[in-house]
Amino acid sequence: MTKIGENIKKLRQLKNLTQQSFADLFEVSRGNISSYEEKRAEPKIETISKIAKYFSIPIGHLIEKNLTVNEILHFDNYFEEGEAIQNVKNLSKIPFLSREVLLEKKDLIINLDKYPSIYFPIYNSHTFISLEYNSAMRAPIDFPYEESSILFFEHLEVENLHLIENKFGLYIINDDVFIGKYKKENDELILELNQWKKITLDLEQLQHFYQLYSIYKKVDK
């Protein structure tokens, strides 16, 4: 039995595609995709070839391997999935938001536990979130990072608020997400995207604010 059905489902979910939208990409039916994912059928080689080409994944890997988030995103071996690292200790499980999820901006906080996770060696007890940066995201004009970089954000803690001025941060709620820079304004901390968009840091809403922790860039092959 090949891994094609599992990998199609993983690709589809990571890219936040419905079975119908995935089927439309490759000129098959939604029922076909359902059959592949449930291992009741396997796609023709022509369809496999189209999928492999579209996602830039070797056909052999698509058929034979359990694809990891790392392989799907074409990053160097920073990221592993749960099955691959189940015997490795001290790795943090971090929700991962793909560019498709971020562009849709639908119920982001509510659905965090439903998105794929990146397992990564971050050794503290704070909450983290990771996302795939894209140029369509709202970010300050001086935000220096490249398209498709993976950004890790750490949840703000009250005891660290005095350290965040002029640092990049993330505001995320179910229908709004942007990267900004923390600044002091009239004795208040704000997260500023630009002169027209800023959010005052409210301690009662602290769960929606993060600070940039680290970044991993895409590796050129």
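Tutor: Two strands pair if DSSP finds at least two bridges between them. Keep that in mind for this predicted model, where an open sheet of 9 strands runs in the order 2-1-3-4-9-5-6-7-8 with mixed pairing.

Student: What makes strand 2 (117-120) and strand 8 (197-200) the edge strands?

Tutor: Each of them pairs on one side only. As for the twist, it averages 40 degrees from one strand to the next.

Student: How do you know that strand 1 and strand 3 pair?

Tutor: Count the bridges: 2 of them join strand 1 (residues 92-97) to strand 3. The cut-off is at least two, so the pair qualifies. These strands run parallel, and L97 has L131 as its bridge partner in strand 3.

Student: And what makes strand 1 and strand 2 a pair?

Tutor: Here there are 4 bridges, in the antiparallel sense. At least two are needed, so this is a pair as well. S92, for instance, has F120 as its bridge partner in strand 2.

Student: Why is strand 1 called mostly covered?

Tutor: Of its 6 residues, 5 are buried. Buried residues turn up in helix 1 (residues 4-14) too, with I4, G5, N7, I8, L11, R12 and L14 on the list. After that helix comes N16, with a positive phi near 55 degrees.

Student: Let's go to strand 7 (residues 188-194), the place of E192. Why is E192 called buried?

Tutor: Its relative accessible area is 16%. Buried means under 20%, so E192 falls in that class.

Student: How do you know that the side chains of E192 and K198 make a polar contact?

Tutor: They are joined at 3.4 Å. The limit for such N or O pairs is within 3.5 Å, so the pair counts. Leaving out residues up to four places away in sequence, E192 touches P140, G180, K181, K183, K197 and K198.

Methods. Residues are numbered from 1 along each chain as its sequence is written. This is a predicted model: local features need pLDDT of at least 70, side-chain atom pairs count only at pLDDT 80 or more; totals for chains, interfaces and linings use all residues. Side-chain values use heavy atoms; hydrogens and water are left out. Buried means under 20% relative accessible area, exposed over 50%, partly exposed in between (1.4 Å probe, protein chains only). A polar contact is a pair of N or O atoms within 3.5 Å; within protein, one must be able to donate a hydrogen and the other to accept it, and residues adjacent in sequence count only if both atoms are side-chain atoms. Contact means heavy atoms within 4.5 Å. Axes are lines fitted to C-alpha atoms, for helices over the stretch in contact, and angles run from 0 to 180 degrees between N-to-C directions.
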